[in-house]
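Q: Can you walk me through a few parts of this one? I'd like to start with the helices and strands and take it from there.

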Amino acid sequence: MRFLWVALLWAVAAAAVVVAALSPWWWFLAGPLLAPAVLAAADLAQRRHSVLRNYPVLGHLRFLLEAIRPEVQQYFVERNVDGRPFDRDTRSIVYQRAKGTDAEEPFGTELDLYEPGREFLVPSLAPVAVPDTAPRVRIGGPDCAQPYDMALLNVSAMSFGSLSANAVLALNTGAERGGFAHDTGEGGLSAYHLRPGGDLVWEIGTGYFGCRTPDGGFDPEQFAAKAAHPNVKCVSLKLGQGAKPGIGGVLPGAKVNAEIAEVRGVPQGETVISPPYHRVFRTPRELVRFLARMRELAGGKPVGAKLCVGSRRQFLAVCKAMVEEGVTPDFLVVDGAEGGTGAAPMEFADHMGLPLTEGLITVHNALVGTGLRDRIKVGASGKVATGSDLVKRLVQGADYTNAARAMMFALGCIQAQRCHTNTCPVGVATQDPRRARALHVPDKAERVRRYQEATVRSALQLMAAMGVDDPADLHPHLLNRRIDPQTVRSYADLHQWLTPGQLLDRAPEEWARDWDEADPDRFTV
């Protein structure tokens, strides 16, 4: 049947060519017939795609529909509350706040409020006034000489290399205008981070980009020199990230141009591999000591770490090391397994690490139970996009939040999910100069500023409606979760919340085994 179809196509095309020989005008008919005939012959000759061998020409329709399936799904099929990773309602509220337009919706919620897992903030019968200015969080423990006041919402880690130069410029310009922090990501400290003058959290990953020896180790002299820059307010050691905990990254050599090579301190044109582990420590105790060394090299600026929680026992081992060494970081950023802007193998994105809620509660409880919580501030990073997201994370134990994908939406990201292909259609996640040129820095910087300001304002309004004017007064009983259609329970009842020093005195039964087996001299699962 397929050969009959192709033969017929060739016969019609041949006839059209013969007729076209009589008059040039007939080529307008012959051309469109000849092209599919040639394509059909090629489809029959190739051996890679069985669909095309059985259905020449027509089989290409299948590949076309597959290519545009995400767009069809997003724009024509999914409901406003169904999309993943972010639904249309969430994306819309970010876009509206970034543009400075009305973000209110009429006619009630579209959510099924009786769906298990649905969460509710608890309003008060005695609301309070919304504060005129947003509170800030003092980052800096007893060993910190240069504390920093962190905003409630900041730009999460995204490297130059994964993002375009214009995207980085816009994010940092927005951070400078709005007075919030911008995490550099592990790709190094570039001119695009420094030029606008926004506050920076310099992130150091396993590749030690920007403070790297020729053989890929940590260079303390380079680190000290760059950490001294006045724009660098904090330094963060990346232990793991939510998108791919326990795995390093790969930057193909084709993307390592002269500019990126200089920023990262690597050879131009060579593939750069970030190992999954750090060279500078192998035990919890060595980790804690290295964090203290980083703070000393940074001139007493706040030093912290970012992690995606997996094993509670391993984190308790780090807490034991802190207690025994008498050394603590100034902050910890908990990244959720919900993933982020970094591309990752599906198995890692779907099956590794704790979601942010469980990870955040674990870290908060462990620090409280070991008597360290008042020395260490906790940031939360994982699908924070709206004011309600921010408030929920504060209830669950965070002091402040970071957002990556929401900030990309503010830049104009349309969730095309092509971040790793260098073909971002809006110039955010690409190194293609033509595509990046589409991102107009002054306009997008103002969108970032407006989005952050409006989202923090929304969080303050929610807290005021809950009868709270200070984030420190947010407690687990102010957040409810539906267990089934008939049962709603507060976070105060759903989770065990430790009291200060409880693990040091006598660990409760649920924590006892992990606490007893946590070893400050080795990472044991």
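What follows is a short exchange about parts of this predicted model.

Q: Which strands does strand 12 pair with, to begin with?
A: Strand 12 pairs with strand 11 (residues 331-335) through five bridges, and the two run parallel. Strand 12 is also joined to strand 13 (residues 400-403) by three bridges, again in parallel.

Q: Which residue of strand 12 is the partner of Phe331?
A: Lys377 is the bridge partner of Phe331. On the strand 13 side, Ser381 stands opposite Asn402.

Q: Is strand 12 mostly covered or exposed?
A: Mostly covered: of the five residues in strand 12 (residues 377-381), four are buried.

Q: What do strand 12, helix 14 and strand 13 make together?
A: A right-handed β-α-β unit, with helix 14 covering residues 387-395.

Q: How many bridges join strand 1 to strand 14?
A: Three, with strand 14 spanning residues 479-484. Phe120 has Asn480 as its bridge partner in strand 14.

Q: Changing topic: helix 13. Is it enclosed or open?
A: Helix 13 is largely enclosed by the rest of the structure, because 13 of its 14 residues are buried.

Q: How does the length of helix 13 compare with what it should span?
A: At 1.5 Å a residue, helix 13 (residues 356-369) should span 20 Å, and its end C-alpha atoms are 19 Å apart, which agrees.

Q: What is the phi of Gly371, which follows helix 13?
A: The phi of Gly371 is positive, near 75 degrees.

Q: Last one. Where is His495 found?
A: In the loop between helix 18 (491-494) and helix 19 (502-505).

Q: Why does His495 count as partly exposed?
A: Its relative accessible area is 24%, and the partly exposed class lies between the buried limit, under 20%, and the exposed one, over 50%.

Q: How far is His495 from Pro476?
A: His495 and Pro476 are 8.9 Å apart in space, C-alpha to C-alpha, and 19 residues apart in sequence.

Technical notes: Residues numbered from 1 in each chain as written. Predicted model: local features only at pLDDT ≥ 70, side-chain atom pairs only at ≥ 80, totals over all residues. Heavy atoms only, no water. Expected span 1.5 Å × (residues − 1). Buried < 20%, exposed > 50% of the residue type's maximum accessible area, 1.4 Å probe, protein only. Pairing = 2+ DSSP bridges. Right-handed = clockwise from strand over helix to strand, strands pointing away.
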